[in-house]
Amino acid sequence: MPNILVIDDDDIMLKAIKNILNKDGFNVVTATDGKEAFELLDHTVYDIVITDLMLPHANGLEVVGRLRHNEMSRNVGIIVVSSVGNEETITEAFRLGADDYLKKPIMAGELLMRIRKLIANKNSKTQFVTKKK
Amino acid sequence: MWNDLVDLLFRAYEQFSLLPLFIEIALIFIFVAIMATLLAYTSILFRRYNGYVYQKRLAHLSPVIEDLITEQVLLNESLGKDIMVDEIEFDQQAISNKLFRKPAVRQILIDTLIRYRKNFRGEVGELLRKLYIDMNLVEDSFAKLRTFKWETKIKALVELTQMDIPISDSMLLPLTNSRNPTVRAASRNAYIQLSKNEPFKFFDVATEPILPWDQLEMFKIITTTKDITIPNFSRWVSYSNNKSVVTFCLKLISHYDQQSAIPAVLELLNTKDHHFRSHAINCLGKLGAEVAEEKLVTIYTSQPLNCQIEILKALGRIASGKHLEFLKQEFLFSNNFDVQMNAARSIIKHNSQHSRLMLNEIMETTNEENQLIVRHCQNPLIKY
C-alpha cells in the first residue's frame with residue numbers, strides 16, 4: 001500500500017484529501033506545517049508527498065528543496081497543491097524538484113490520476129535500475 | 001424603599017446644585033466617563049461571550065458536519081462512475097437530521113460547505129453544491145439577502161456566489177446601486193460571476209460610481225472568472241452617463257485589445273472633462289491606435305498637463321514614427337521636466353533606426369541636463 005504524506009495548514013483540505021486517498025487504498029499521513037512535516041520525513045520514507053505552498057514555519061518550496069537534497073527522500077514523488085497561481089512560484093517549485101503541480105480548487109479525480117501516474121513512473125524507474133544492475 | 005431612593009436622589013441633587021460650577025462640570029464629566037467605560041466593557045464582554053459560545057458550538061458541531069460531508073460527498077459511491085452529479089442521491093435520513101434544522105447549525109454547515117468548495121471543483125465541487133441545494137440551505141442564503149443588515153446581505157451574496165446559485169435581476173440589480181459602497185461592490189462582483197450571458201448588464205443601470213478599489217477587485221474577477229462573455233465595451237463608452245463606468249470600460253477595452261472600440265474612444269477626445277480625456281488618450285495609446293495620432297498631435301497644445309503627458313505616452317506606444325520630430329521638439333524646448341521625460345521615453349520606445357539616429361543627434365547637440373534625462377530614460381530597469 002503506497003505511503004503518502006499530505007502537508008496543508010487547512011484542516012478541511014487535509015481531512016478531505018485523507019478521506020479521498022484512504023478510500024482509494026492509500027496509506028495517508030498528514031502534517032499541518034513545515035516543522036511537523038520535517039519531523040515525519042526524518043523518520044519515514046514516503047512514496048508521494050503532497051504539499052501546499054503556504055505553510056507555517058517552513059513553506060512548501062522549502063519542503064520540496066529539503067526532500068530533493070536528502071539522500072533518503074531523493075526519489076519521492078512530489079505534488080505541489082496551491083492556490084498560488086503565479087508562474088514564478090510554480091517555476092521555482094519545479095526547479096527545486098517538484099514532479100507535478102495542481103492549482104486549488106482541485107479535482108479529486110485528477111489528483112488521484114496524477115498520484116497513480118507518479119507511482120507508476122517511480123515503479124518503472126525502479127524496475128529499470130534493477131534490470132540494469 | 002422607593003420613596004427613600006427618590007428622597008436620596010433629591011437630596012443629592014440639592015447638594016449638587018450648591019456646588020461651584022466647575023465642580024459640577026467635573027462631576028458630570030466623571031459620571032459620563034464611568035458610564036461610557038462600563039458600557040464599553042459590557043459590550044466587549046458580551047461579544048467575547050458570544051464568540052466563546054460560537055467556538056464551543058463549532059467545536060462540537062464541526063466533526064458532525066465534516067462527517068456528513070465526507071460520507072455524502074467525498075466518499076459518495078456514485079462519484080467517478082460516469083453518473084451525472086444531478087442524478088446522485090444523498091442519504092435522506094442523514095441530511096434530514098433534526099440537528100440540521102437549527103439556524104445556527106445551518107449557518108455553520110453553509111460556512112463549512114463553502115470552505116470545501118474553495119478547495120474542490122469538478123464532480124466533488126458540484127456535489128457540494130447539490131448538497132447545499134438539497135438541504136435547502138439556498139433558502140437560508142436568500143432569506144439573509146432580504147434582511148436590512150448590510151453585513152448579512154454581503155454574507156448572503158458571498159454564499160450564493162461561491163455556490164454558483166443564480167440570483168434574479170430584480171433582486172440583485174437594485175443592490176448594485178445600493179447607497180452602501182460595500183454592498184454595491186459585493187453585488188456587482190456577484191453579478192459578474194453569476195450572470196454568464198450578460199455579466200455587465202448592471203453597467204446599464206449603474207447610477208452610483210464604481211470606486212477605484214472596486215474597479216481593481218472587479219477587474220480581477222472579470223479576468224479570472226471562466227466562461228465569462230466579454231462584450232464590446234464601447235457600448236458603454238458611447239452611451240453611459242456614469243463616468244466611472246466609462247473609465248472602467250476604457251481600461252477593459254485596452255486590456256482586451258478591442259480594436260473595434262477605437263471610434264467610440266476617439267469621440268471621447270471632445271469631452272470637456274480633462275480627467276476623462278486623459279483616460280481616453282491612455283486607452284488609445286494602449287490600443288496602438290495609429291488612426292488617432294494625428295488628432296492627438298493636433299489637440300496637444302490646447303490640453304492641460306495630464307493630457308499632454310498621456311498624449312506623449314500614447315505616441316510612444318503607437319510608435320508609428322510619423323511624429324518623432326514632434327517628440328524631439330517637445331523634449332528640447334519644453335520647460336516641464338515631466339513633458340521632457342515622457343517625450344524622451346516615447347522616442348526611445350520607437351526603437352527604430354530613425355529614432356536611434358535622432359537620439360544620437362540629441363546626445364551630441366543638447367545640454368548636459370537633457371543628456372542626463374535621455375540616459376535615465378534609456379535605463380531598461382525603469383518601467384514605461
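Asp257(B) lies in the loop between α13 (243–255) and α14 (262–267) of chain B, where helices (H or I, at least four residues) and strands (E, at least two) are DSSP runs numbered from the N terminus. Although Asp257(B) is not a glycine, its phi is positive, at about 50°. The structure is a predicted model, in which local features need pLDDT of at least 70, side-chain atom pairs count only at pLDDT 80 or more, and totals for chains, interfaces and linings use all residues. Residues are numbered from 1 along each chain as its sequence is written, while chains are lettered from A and ligands numbered from 1 in the order in which they are written. The model scores ipTM 0.83 and pTM 0.77. For chain B the mean pLDDT (the predictor's confidence in each residue, from 0 to 100) is 92, and 99% of the residues of chain B reach 70 or more.

Chain A contains five helices and five strands, arranged along the sequence in the pattern β-α-β-α-β-α-β-α-β-α. The radius of gyration (taken over C-alpha atoms, with a globule rule of 2.2 Å times the number of residues to the power 0.38) is 14 Å for chain A, which agrees with the value near 14 Å for a compact globule of 133 residues. The C-alpha trace of chain A spans about 45 × 30 × 30 Å along its principal axes. A backbone feature of chain A is the cis peptide bond between Lys104(A) and Pro105(A), with omega of about -5°. Pro105(A) is located in the loop between β5 (100–103) and α5 (108–132) of chain A.

Chain B, by its own assignment, has 21 helices and zero strands. The radius of gyration of chain B is 32 Å, well over the 21 Å that the globule rule gives for 384 residues, so chain B is more spread out than a compact globule. Along the principal axes, the C-alpha atoms of chain B fill a box of roughly 100 × 85 × 40 Å.

Axes are lines fitted to C-alpha atoms, for helices over the stretch in contact, and angles run from 0 to 180 degrees between N-to-C directions. The axes of α4(B) and α5(B) come within 9 Å and cross at roughly 165°. These two helices, α4(B) and α5(B), are therefore roughly antiparallel, given that angles under 35 degrees count as roughly parallel, over 145 as roughly antiparallel, 65 to 115 as roughly perpendicular and the rest as oblique. The crossing of α4(B) and α5(B) is left-handed; a crossing is so termed if the near helix is turned anticlockwise from the far one by less than a right angle, and right-handed if clockwise. Leu113(B), Tyr116(B) and Arg117(B) of α4(B) make the contact with Gly125(B), Leu128(B), Leu131(B) and Tyr132(B) of α5(B), two residues being in contact if their C-beta atoms, placed from the backbone, lie within 7 Å. The contact of α4(B) with α5(B) has five nonpolar, one polar and one charged residues; Ala, Val, Leu, Ile, Met, Phe, Trp, Tyr, Cys and Pro count as nonpolar, Asp, Glu, Lys and Arg as charged, and the others, Gly among them, as polar.

Helices α6 (residues 137–145) and α7 (residues 150–162) of chain B pack at about 145°, with their axes 7 Å apart, and α6(B) passes α7(B) in a left-handed crossing. The residues of this contact divide into four nonpolar, two polar and four charged.

Gln340(B), Met341(B), Ala344(B), Arg345(B) and Ile348(B) in α19(B) meet Ile373(B), Val374(B), Cys377(B) and Gln378(B) in α21(B). By class, the contact of α19(B) with α21(B) comprises six nonpolar, two polar and one charged residues.

Between the chains, 15 residues of chain B are in contact with 14 residues of chain A. On the side of chain B that touches chain A, α2 (21–74), α4 (103–119) and α5 (122–134) of chain B each supply at least two residues. This side of chain B has five nonpolar, five polar and five charged residues.
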